[in-house]
Amino acid sequence: MSVAGTYNTTVKSPMGDQAGTFTVTDNGDGSFAGKLEGGMGSMDTEEGKVDGNTLTWKMNMTVPMPMTLDCEATIDGDSLTGTVNAGAFGAMPLSGTRA
């Protein structure tokens with residue numbers, strides 16, 4: 001099953017639940033390109049890797065403060081679960097469903 005698609009996601013952050021849309025494009029070579037758009041703006045994925053049904057990537061957040069987020073998610077059917085690691089703020093749960 002392809003990991004590609006658009007997912008309606010929620011990140012449980014210290015500032016409350018952050019809803020967003022996560023778009024994944026599988027490059028077919030063990031990497032992916034993606035974008036997360038939500039209340040905190042739009043962030044492109046960097047260093048996106050695909051290992052089976054697990055995605056790992058980084059995002060550079062600018063709002064409310066500059067920070068690199070280390071992210072991981074597993075796709076099971078149409079469900080996405082994972083974590084967004086925000087440095088000193090710790091790991092925040094990520095969940096979503098394929099749109």
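**A walk around the largest pocket**

Start at the largest pocket, which holds about 310 Å³ of space. Before you click on, note that this is a predicted model, where local features need pLDDT of at least 70, side-chain atom pairs count only at pLDDT 80 or more, and totals for chains, interfaces and linings use all residues. Residues are numbered from 1 along each chain as its sequence is written, and side-chain values use heavy atoms, with hydrogens and water left out.

Next, select Met-15, Gln-18, Met-40, Met-61 and Met-92: of the 25 lining residues, these lie nearest the pocket's centre. Colour the lining by class and you get 17 nonpolar, 7 polar and 1 charged residues. Now show the strands: E1, E2 (16-26), E3 (32-38), E4 (41-51), E5 and E6 (67-76) each give the lining at least two residues.

Stop two: Thr-9, in strand E1 (residues 5-13). Thr-9 has 4% relative accessibility, so it counts as buried (under 20% relative accessible area, 1.4 Å probe, protein chains only). Setting aside neighbours within four places in sequence, its contacts (heavy atoms within 4.5 Å) include Gln-18, Phe-22, Leu-36, Leu-80 and Leu-94.

Stop three: hop to Met-59 in strand E5 (residues 54-61). Met-59 is buried too, with a relative accessible area of 2%. Again leaving out neighbours within four places, Met-59 touches Leu-36, Met-43, Asp-44, Thr-45, Met-67, Thr-68, Leu-69 and Cys-71. Keep Leu-36 selected, as it is on the contact lists of both Thr-9 and Met-59.

How values were computed:
Helix = DSSP H or I, 4+ residues; strand = E, 2+ residues; numbered from the N terminus. Buried < 20%, exposed > 50% of the residue type's maximum accessible area, 1.4 Å probe, protein only. 1 Å grid on protein atoms, 1.4 Å probe; cavity = no way out; pocket = protein on both sides within 12 Å on 5 of 7 lines; lining within 4 Å. Points joined across faces, edges and corners; volume = space filled by probe spheres on them. Nonpolar A, V, L, I, M, F, W, Y, C, P; charged D, E, K, R; others polar.
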